[in-house]
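Please examine the model shown below. The report that follows treats its domains, its ligand shell and its helix packing in turn.

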Amino acid sequence: MSELAQEVEPKEVAELRREVRAWMQAHKPADPGFKLPQSFLEVESDRQFEFLRDWQRKVFDAGYLGLDWPAEYGGKGDPLKRQRVVSQELSRARAPFLVNVIGLQWAGPTILHYGTEAQKKRYLKPILSAEEIWCQGFSEPGAGSDLASATTRAERTAEGWLVTGHKVWTTLAHQSKWMILLARTDPGAGKYEGLSYFLFPMDVAGVTVQPLIKMTGEGGFNQVIFDRAPMGRDALLGQEGQGWQVAMTTLLFERGAAEGSGGGQVTASAESVQRLASLAARARRGGGRAAEDPVLRDRAAQLWIEEEALRLGSLRARIPGLNLDRPQALRLMNKLVYSEFNQRLAELACEMLGPATTLWLGDPHAVERAEWPRAYMNSFGMTIGGGTSEIQRNILGERVLGLPKSK
Ligand SMILES: Cc1cc2nc3c(=O)[nH]c(=O)nc-3n(C[C@H](O)[C@H](O)[C@H](O)COP(=O)(O)OP(=O)(O)OC[C@H]3O[C@@H](n4cnc5c(N)ncnc54)[C@H](O)[C@@H]3O)c2cc1C
């Protein structure tokens, strides 16, 4: 956040910001001496996981998570803008990310929206404290962009439900206690009406979690096979047959089109541009510094301008009076523009590095522990997970520009 924006902040917000900044300075964990994942999509080993879980617990114990969630469910009942301040300061400090992203940002807000009192009391606080980690079981081998084609089946029994099927690309399933699960409860009903949404316990019999390896050589996501895996009656979130509507609410949170998160980093584009500028000042290209190369310099300046436009756009999105023409446009653009912006930024960094881009993890000569080439490769996942860029463009075309609906 720029100095100008801070100057106009109300006194109590500025005070909170100062307090959080001081806390971060005192408590931000030291480099653990082993490779940390760049995001929650690449958590592989138990020691990475425990380090990150411990950090989230500390942030929660300090009172900086769930600020905007009701006090009876572990939060503080404060206005959302106070949680935003904490999130901004986490990013600013380049603190480790909070590992329970799916719980904090997608499952938690969806449970707050659709959960019974008992469900809210049971699930929300352990999300904030990272005691219970969540994963998302939406995608299947035959149902990604076309999510409503999901075939994983939940069959009713006297005690609850039995799940049989196959989910894929399930981030963090290997460390999760719970899954938000989209499953078909009525194969005879229409594609959308036959789906229900569940809070599924991962530690029951009949669940097999198998790791999948990405092009970076890292793990972090999985496929999950269910073979008559049981869940209780109270696992249903919302009404039976309402799964599509509940899942769409989750996706609004996931794509940044709705806010309600219990906390976590915001997209740290300002910090990334500063890191790019610092790299440009050091990297050597064509006999000089990358920062002196007119073409690279021009592209870096363009990204800086875009970053400022994104920052101002997100401020604008929060002021209803400035969005009367197209109320949802900025929010619906969120995922698309941030994921593609970050990809172009990492790509430019790799160009500045030149041949050094090929030096990979573990190579003593790798620049910044190969953070940039790793970020570039990981950026592709961000343009796919939660809905691909093509799907996001379809949504914008249909809902913002009013173009005819795609089939
Ligand atoms: C890093 C990562 C993490 C993920 N984590 C999770 C997770 O935790 N839980 C989970 O449930 N899922 C997760 N996913 C899955 C993700 O949601 C799907 O990959 C995504 O929705 C795309 O589905 P698909 O892979 O089946 O591709 P497909 O739907 O088969 O698409 C293939 C290509 O066709 C294009 N396409 C498809 N339909 C259209 C259309 N109508 N118009 C134009 N183009 C179209 C797509 O854009 C894409 O380029 C993750 C994915 C990634 C990459």
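## Domains

The centres of domain 2 and domain 3, taken over C-alpha atoms, are separated by 32 Å. Five residues of domain 2 and seven residues of domain 3 make the contact, where two residues are in contact if their C-beta atoms, placed from the backbone, lie within 7 Å. The side of domain 2 that touches domain 3 holds two nonpolar, two polar and one charged residues. In this classification Ala, Val, Leu, Ile, Met, Phe, Trp, Tyr, Cys and Pro count as nonpolar, Asp, Glu, Lys and Arg as charged, and the others, Gly among them, as polar.

The protein is assigned domain 1 (3-128), domain 2 (134-254) and domain 3 (269-400); such bounds come from an automatic or database domain assignment. Residues are numbered from 1 along each chain as its sequence is written. The model is predicted: local features need pLDDT of at least 70 and side-chain atom pairs count only at pLDDT 80 or more, whereas totals for chains, interfaces and linings use all residues.

## Ligand shell

The ligand has 22 residues around it, of which Gly144, Ser145, Gly381, Thr388 and Glu390 come nearest. A residue is near a molecule if its C-beta atom, placed from the backbone, lies within 6 Å of it. Strand S1 (134-137) and helix H12 (389-400) are the elements that give two or more residues to this shell. Helices (H or I, at least four residues) and strands (E, at least two) are DSSP runs, numbered from the N terminus.

Domain 2 and domain 3 each supply at least three residues to the shell around the ligand. By class, the shell comprises seven nonpolar, 14 polar and one charged residues.

Helix H10 (residues 329-353) packs against helix H11 (residues 371-382) at an angle of about 155°, with the axes 8 Å apart. Axes are lines fitted to C-alpha atoms, for helices over the stretch in contact, and angles run from 0 to 180 degrees between N-to-C directions. H10 and H11 are therefore roughly antiparallel, a term for angles over 145 degrees. Their crossing is left-handed, meaning that the near helix is turned anticlockwise from the far one by less than a right angle. Among the contacting residues are Asn342, Ala346 and Cys350 of H10 and Trp372, Tyr376 and Ser379 of H11. This contact has nine nonpolar, four polar and one charged residues.

H10 also packs with H12: their axes come within 10 Å and cross at roughly 160°, and the two helices are therefore roughly antiparallel. The crossing is left-handed. Residues that meet here include Leu332, Leu336 and Glu340 in H10 and Arg393, Leu396 and Arg399 in H12. By class, the contact of H10 with H12 has seven nonpolar, three polar and four charged residues.

## Packing of H5 with H6

Helix H5 (residues 101-114) and helix H6 (residues 117-128) have axes 10 Å apart and an angle of about 165° between them. H5 and H6 are therefore roughly antiparallel to each other, and their crossing is left-handed. H5 contributes Gly103, Leu104, Ala107, Gly108, Ile111 and Leu112 to the contact, while H6 contributes Gln119, Lys120, Tyr123, Leu124 and Ile127. Seven nonpolar, three polar and one charged residues make up this contact.

Notes. Angles under 35 degrees count as roughly parallel, over 145 as roughly antiparallel, 65 to 115 as roughly perpendicular and the rest as oblique.
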